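Keep the viewer open as you read.

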Amino acid sequence: MDFEHLMRVMRRLALEAGDKIMEIYDSPEFEVKSKSDNSPVTEADEAADALISAGLRAEFPDMPLVTEEQAASHSQDVSTFLIVDPLDGTKEFVKRRGDFTVNIAYVENGKPVRGVVYAPAKGRLFYTLAEGRAVEEDGPFDKERPGKQHPITVSMPDNRGLMVVASKSHRDQATDDYIGKYAVKDMASAGSSLKFCLVATGEADLYPRLGRTMEWDTAAGDAVLRGAGGEMIRFDDHAPFTYGKPGFENPFFIAYAPGVLLVK
């Protein structure tokens, strides 16, 4: 894989999809439908998916592509592939809360090695460079020429008072019970894959997720987190977190800055 080319394409497509999403987000009203699992889907999800999928297939025709909005792609058995969540945080989008993201990642041999996370309503853009290091770019964003990039890195956690981030729309008692095992300085809630990025930038130390997610929800944020020196592991046995699982379903997980003294 030519990582320079890959990252140029992924960054551009994320920005273009963000523009399309914001056109719909800023419109007076938009249609919201329900998928088979009763999760919401909007015309913004579908428009962003069409744009990103067409762009990736044109540039990387031989690379398997998995995307949330195309059910036929979910039956593939692959370990190296592109994976897309065109609009993560649809509930936040519908409620016009701004915590939604465009996510594109490249998984190689089960590991998310490159990714881009773009939060268009918040004007935040995170991605890995060709060599794998994670950065946040300053806006306004030119689709062809990157602006000023700031290397991001995870925090040096103080286990006497951790910064914890948890889901805004999927918080439950089990998550609160787990967080209660730590000395917590402050809690933040965020939607979508932004939680990974908050750990990657050092704005949070720990993000536990005791709930159902799919690989397209996590791959891009995981890649950014790893590129910033962070780690992501399975919740149950603290084993490495891998991709290309059957049906692309995730187990519970913990994303964190090394130095956090994890409890089981």
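Arg 124 is partly exposed, with a relative accessible area of 21%; here buried means under 20% relative accessible area, exposed over 50%, and partly exposed in between, using a 1.4 Å probe and protein chains only. Before going further: this is a predicted model, where local features need pLDDT of at least 70 and side-chain atom pairs count only at pLDDT 80 or more, while totals for chains, interfaces and linings use all residues. Residues are numbered from 1 along each chain as its sequence is written, and side-chain values use heavy atoms, with hydrogens and water left out.

So who does Arg 124 pair with? Its side chain meets that of Glu 136 in a salt bridge, at 2.8 Å from N to O. The term salt bridge means a side-chain nitrogen of Lys or Arg within 4 Å of a carboxyl oxygen of Asp or Glu. Arg 124 sits in strand S7 (residues 124–128) and Glu 136 in strand S8 (residues 134–137), so this pair ties together parts that are twelve residues apart in sequence. Helices (H or I, at least four residues) and strands (E, at least two) are DSSP runs, numbered from the N terminus. Glu 136 is buried, at a relative accessible area of 15%.

The structure holds 16 salt bridges. In general, side chains of opposite charge can pair when their charged atoms come close. Another one of them links Asp 237 and Arg 234, at 3.6 Å from N to O. Asp 237 is partly exposed, with a relative accessible area of 41%, and Arg 234 is partly exposed too, at 26%.

Salt bridges with shared partners also join Arg 12, Glu 16 and Glu 59 into one network. Glu 16 is partly exposed at 23% relative accessibility, whereas Arg 12 counts as buried at 19%.

How do H1 and H2 pack? Helix H1 (residues 3–25) and helix H2 (residues 43–59) pack at an angle of about 160 degrees, and their axes are 9 Å apart. The two are therefore roughly antiparallel to each other; angles under 35 degrees count as roughly parallel, over 145 as roughly antiparallel, 65 to 115 as roughly perpendicular and the rest as oblique. On the H1 side, the residues that meet H2 include Val 9, Arg 12, Leu 13, Glu 16 and Ile 24, and among those on the H2 side are Ala 47, Leu 51, Ile 52 and Glu 59. Contact means heavy atoms within 4.5 Å. By class, the H1 contact with H2 has eleven nonpolar, two polar and five charged residues.

Now for two buried residues. Asp 222 lies in helix H6 and counts as buried, at 0% relative accessibility. Not counting residues up to four places away in sequence, Asp 222 touches Pro 112, Phe 196, Met 232, Phe 241 and Tyr 243.

Met 214 is in the loop between strand S12 (206–209) and helix H6 (215–227). Met 214 is buried, with a relative accessible area of 10%. Leaving aside neighbours within four places in sequence, Met 214 contacts Gly 247, Phe 248, Glu 249 and Asn 250.

Definitions and conventions. Axes are lines fitted to C-alpha atoms, for helices over the stretch in contact, and angles run from 0 to 180 degrees between N-to-C directions. Ala, Val, Leu, Ile, Met, Phe, Trp, Tyr, Cys and Pro count as nonpolar, Asp, Glu, Lys and Arg as charged, and the others, Gly among them, as polar.
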